[in-house]
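Here's a quick tour of one protein model, from a single side chain out to the whole chain. Have a look at the sequence and the 3D view, then read on.

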Amino acid sequence: LQRGDTCVLADLGGIPLLGPYHDVYASTLSLEIAAGDERVVVNGGGFCLDDTTQQRLKQAAAHITVLGAGQGLRERVGSWGLGRGPKYVYATVEQMKDVGIGFEASHDGFRHLGVRHVRRVFLTEDGAEIRGEDELQSNKQLPVVVQLRLHPDVKLKLKSNLEAELTTPRGRQFTLLLRGGPLHAADGIYAPTVAEKKAIKIIVIRGEWRKDSCVVRWALKQEG
């Protein structure tokens with residue numbers, strides 16, 4: 001999705017169930033966000049100098065995906081192929097004249113938990129605001145976490161458990177507002193290259209269930 005100088009890059013593909021395991025990342029429905037040439041929200045990247053870090057960065061927790069009960073989207077079977085992962089990913093993109101562009105996507109990667117995940121993202125026509133929504137549907141109220149991983153150059157300031165302020169090196173400021181669960185900050189790592197690691201901040205949002213649905217809504221608005 002691209003409007004103005006804002007770009008939202010989404011992974012709307014599945015996870016290959018056959019092929020070298022070391023090439024597989026659990027990144028279905030993950031997002032990256034850039035404003036101009038400054039990256040704001042990123043995935044974990046790829047680091048291959050040690051296996052422990054490499055495997056950590058391939059899990060769903062290293063991407064901006066929703067987690068249920070600590071479960072990932074992939075399961076290893078030997079050294080070739082996977083025994084579990086999304087078999088079906090559905091996505092539609094809609095453009096609204098003079099309003100903006102957005103997508104709705106879902107996958108069945110949590111089918112072993114009895115959970116369906118739907119993600120909706122909308123970018124306004126001027127590129128100044130991104131609205132996101134994650135919905136999990138299940139009759140089991142499993143723990144849900146939504147993560148926004150910040151580029152290492154982005155500064156984070158928590159203003160409340162429902163609001164945060166992001167600032168890029170060039171002074172762009174963004175306000176993040178939430179509905180559907182409180183947020184807190186956590187530490188993480190980001191690998192911009194296969195041989196480099198950097199410390200980052202992660203915005204962690206814990207979802208709250210209402211009967212058979214857990215919905216987390218967030219909006220990232222560029223100020224000024």
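## A serine under cover

A residue counts as buried at under 20% relative accessible area and as exposed at over 50%, with partly exposed in between (1.4 Å probe, protein chains only). S106 comes out at 6%, so S106 is buried. This is a predicted model, where local features need pLDDT of at least 70 and side-chain atom pairs count only at pLDDT 80 or more, while totals for chains, interfaces and linings use all residues. Numbering starts from 1 along each chain as its sequence is written, and side-chain values use heavy atoms, with hydrogens and water left out.

S106 sits in strand β9, residues 100-107. Strands here are DSSP runs of E, at least two residues long, and helices are runs of H or I, at least four; both are numbered from the N terminus. What does S106 touch, not counting residues up to four places away in sequence? The list is L29, Y88, V89, Y90, R116, H117 and V118, with contact meaning heavy atoms within 4.5 Å.

## Over at T167

T167 belongs to strand β14, which spans residues 163-167. Setting aside neighbours within four places in sequence, T167 is in contact with D153, V154, K155, R172 and Q173. V40 lies 127 residues away from T167 along the chain, yet their C-alpha atoms are 8.8 Å apart.

## The whole chain

Zooming out, the protein chain has one helix and 19 strands. It has 224 residues, 51% of which count as buried. Take the contacts with a separation of 6 or more: 59% of them link residues 24 or more positions apart.

## A cavity

Strands β3 (31-35), β11 (129-137) and β19 (213-222) each supply at least two residues of the largest cavity's lining. β3 gives the most, with three residues. Among the lining residues are I33, A34, A35, E129 and F174.

Technical notes
1 Å grid on protein atoms, 1.4 Å probe; cavity = no way out; pocket = protein on both sides within 12 Å on 5 of 7 lines; lining within 4 Å.
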